[in-house]
Amino acid sequence: MRILFLLSFILSVFSLAGQSTLRGKVVSEDGQSVMFATVAVADPDTDEILGAVTTDIEGAFEVEVDARDVYLEVSYLGYEDRRIDKVELSESTVNLGRIEIKENAEVLEEVVVTAERSSVEIQLDKRVFNVGKDISARGGSALSVLENVPSVQVDVEGNVSLRGNNGVRILINGRPNGLVGEGGQGLRALTADMIEKVEVITNPSARYEAEGATGIINIVLKKDRSKGFNGAFNVNAGLPESYGGAANLNYRSGKLNWFTNYGLNYRTRIGGGGIHQEVYGADGTFITFQDRDRNRTGLNHNFRVGADFYPNDKTVLTLAGRYNRGRDNNDNTTIFLDYLDEQFLERTIRTDDELEREEETEISLKFSKKYEQKGREWTADIRFQDETETEGSDLNNFVFGDLTSENGTLDIVQRSDNKESNRNLIFQTDYIHPVGAEGRAEVGVRIGLRDIANDFGVSEVVNGVFEPLEGLTNEFFYNENIYAAYFIYGNKAGNLSYQFGLRPEYTDVVTELKTTEEVNARDYMNWFPSVNLGYEISPASSLQFSYSRRVNRPRFRDLNPFFSFSDNRNFRSGNPDLNPEFSSNFEFGYLKTLDKGNILGSIYYRHTTGVIERIQIVNQDGTSVSQPENLATRNNYGLEINGNYQLTRWWRLNADFNLFQEEISGGDEFPQFNASTLTWFTRGTSQFEFSDKTEGQIRFNYRAPRNSPQGRRLGVWSADLAASQEVFAGSGTLTLSVRDVFNTRRWRWTTFGNDFFQEGDFQWQGTVATLTLNYRLNQEKGRGK
C-alpha cells in the first residue's frame, strides 16, 4: 500500500468528478502541523486509490471522491502510517478534524542513509549518471560533470566525445539547446548544481533525431514536483579564484507547480602550452619554438523559470523560459622564437586581449496528455531560442632582435571583431498507442528551423588608421531546415522483446559568404532505420542487439571560414563545402545483475562514410592552416565494459573500460591520410561512506595514446579527490573537491607531413580546488520543521 500511496503522490492523482469533499488536518504528537504528508482515500473492497493529496503548510488537506464508504491512510517520511477505516461519505462535506501521526525514528534514519548513496545506473539501452551522488562534481560546471560520466570523454579544449569519437549529440531535457555550443564547449556556463542526471545513449532508436553519429548525451535539469515549497541552495569558492552559487526552488499548490533555477558562475582558468615546429625547405630548416600563456576569466548567469498546470490528473501544460548571460575576459601571450637551421632570427611576442559577451533566451511550451488506456500518451512542444555572441580582440606584435632584450619594437597592431547570432525554432509532437498486452506503436513529427549570421573582420593599423585586411573580412550566413517523422513498433514474445523503427529526414541547407557572393545550397532526403532486440535469460541477466543509422552534420564553425585570428601564424578555419558524415552502428550487449551491483559488456561496430577530419597544412614561412575535410571511411571495432559493485556497506566501486580499433581511409583524394590505431581508455571511481554523515571519493582517468591521420596523440592521466560532511542536522552538505590533483591533465601530440614536423602540448587549466556548501529546504523531512 505504501508504494501505491507514494506513486499516487508523485503523479498527483486527483479525482475531479467526486461528489463528496473529505477534509482534515494532520498533526504530530506534540500538536505541530505536518506539511507535505500524503493522504490517500481508497475503496475497502478493492484497495483502488480513489484520490490522493498532500497536506499544505498548515497540515490541512481536502480531497474529492465519489460518495461511498472508503478508508483513509496518512503516510509521511519518518512517521508511522495512520489508517482510518469505514469513513462514511453520506454528506457533501465530511470533516475528520485533527489526525495525529507518530514518529518512526528507525524508518527516518534508514531513508536518510539510503538517499545519500552514490549510484551509476547501468541499463541495456543507456547509462544514467546521477549527478547529485557524485561529490567531486559539486561546485563545478556541466563539463566537469561529463568528465565523470561512463563512455564520455572531454578533451582539454572542452570538446565532448563518446567512445573516443566526436559527433555526439548533446541535448538538454531531451531537446537541442544553444547553451551546448560548438562541440559542447558552451557547457562551461552551466553549473553542475542545476543538473539532476546525465543519460548516455550509445545507439539511439528512430524516436530520437538522427543527428549524432556516435550517440546522444541527454542532460536533465532539476525540477521538483513535490507538494508545497522546497528547494536547494549552493554556494562555492575555489582556487584559482572562482566562486559561484545556485538555487533550485519549487512550489506546488493545487493545479500549479512553479519551478525556478538560478546559477552564478565565476571562473579563472590559467593554462597554456608550447609547440616545436620544423619546416623543411630548399633554403634549410625553419624552426619555431612557441610558448603560450592563457588566462581566462568568466562570469556567467543562468536563470530558468517555469510552471506546470494540471487541468486534470492526466494532462500537464508546461511553460518555461531560460535566460543566460556571460562575459569572458581572455588574455593570451604567445612567444615565438625563430631559427633558420641553428641560426637565431628573431623573437616575437604576440598579445591578445579579448572581451567576449554572450546572451541567450529560450521559451518553450509543452503539452502532455495520458489517456485512460494504460500506456497511451500524446505530447507536443514548441520552443524558440535566440542567442547572440560578440567577441573583440586587441592584437599586438612586438619584435625583439635577441633572446634577452626587454625593449621590443611594436611591429603590428590589429583588431578582430566577431558578431554571431543564432535563432532556432523547433516543433515536435509524439504519440504512443498500446498494442495488445505488451506492444506499442509510436509516431512523431519534428520540424527544426535554424538561422545563423556571423560577421567577422580583421583590421590593421596602417599610417595610424585601422584598415580592413583583405581576405579576412566577410559575413557568413547559415540557414538549416530539417523536417522529420518517425514510426516505431515494439512488442514482446515470451522472453524476447523487439522494436523496429524508421525515421525519414529531409534537410535543406544554404550557406552564403556575402562579401564574395559565394552561395552553396544543398538538400537531401535520408532514411534512418533502427532495430532493438532484447532477450531475458533470467531476471538477473539479459542480452540486447541494436542497430541504427545516424548522421553527423557539419557544425557551424566547421563551415564558417572565419572565426579566429588570435594566433596569426596558426589559423583555424571552416570549410563551406563540407558534407555530412553518415554512420551505421551495430551493438551487442550483455547485462548481468549481481547481488551488490551489475555489469554491462558491449561489443560494437561503427562504419562511417564521408568522415570529417581536421587537416593541417604548414607553409614554407612557418604559418599553418587547419580546416576540416571529408575523408572516405572510418571503421571502429570496440569492446566496452561498465560496472559497479558494493564491496562493503561503506565502500562502492564504479568503473568503465573501452578498447577499440580504428581504421581511417582517406580514399583516392587523400590517400596520405590513411590511419590505423588500437587504443583504450578507462575510468574508475571509489566511493567511501565513512559514516552516515561523512563520505569520500577517489577517481582515476586514463586515455592511452592514439594515432590520427597526421600524427599521434599521447596518453594522459589524471586523478580527482573529494570529501563531504553533513551539516545543519542533515539539511546541509559541505564538500571539498580537488580536480586533477597531480596537475597531469595535459594534451600532448605530434603532427607531421611531407615537409614539416610539429610536437606540442596544451593545458586548458591546472589543478582546481573547490569548497561547496549545499543547503536543502524541505527536501529532508525534519521533526516538526
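This is a short chat about the predicted model shown above.

Trainee: What should I know before I read it?

Mentor: It is a predicted model, where local features need pLDDT of at least 70 and side-chain atom pairs count only at pLDDT 80 or more, while totals for chains, interfaces and linings use all residues. Residues are numbered from 1 along each chain as its sequence is written, and side-chain values use heavy atoms, with hydrogens and water left out.

Trainee: OK. How many helices and strands are in the protein chain?

Mentor: Four helices and 44 strands. Both are DSSP runs, numbered from the N terminus: helices are H or I with at least four residues, strands E with at least two.

Trainee: And how much of the chain is buried?

Mentor: Of its 785 residues, 53% are buried. Buried means under 20% relative accessible area, with a 1.4 Å probe and protein chains only.

Trainee: What about the accessible surface?

Mentor: About 34,800 Å², by the Shrake-Rupley method with a 1.4 Å probe. Carbon and sulfur atoms hold 55% of that.

Trainee: Switching to sheets. What is the strand order in the open sheet of three?

Mentor: β4-β1-β7, with mixed pairing. Two strands pair if DSSP finds at least two bridges between them.

Trainee: How do β1 and β4 pair?

Mentor: Antiparallel, over six bridges, with β1 covering residues 20-27. S20 sits opposite V65 in β4.

Trainee: Now the sheet of four. Which order?

Mentor: β3-β2-β5-β6, an open sheet with antiparallel pairing. β3 (49-54) and β6 (82-88) are at its edges. Each has a single partner strand, so one side of each lacks a neighbour in the sheet.

Trainee: What joins β2 and β5?

Mentor: Five bridges, in the antiparallel sense, between β2 (residues 38-42) and β5 (residues 69-75). T38 has S75 in β5 as its bridge partner.

Trainee: New topic: E362. Where does E362 lie?

Mentor: In strand β20, residues 343-370.

Trainee: Is E362 buried or exposed?

Mentor: Buried, because its relative accessible area is 8%.

Trainee: What does the E362 side chain touch?

Mentor: It makes a polar contact with the side chain of R383, at 3.4 Å. A polar contact is a pair of N or O atoms within 3.5 Å; within protein, one must be able to donate a hydrogen and the other to accept it, and residues adjacent in sequence count only if both atoms are side-chain atoms.

Technical notes
Buried means under 20% relative accessible area, exposed over 50%, partly exposed in between (1.4 Å probe, protein chains only).
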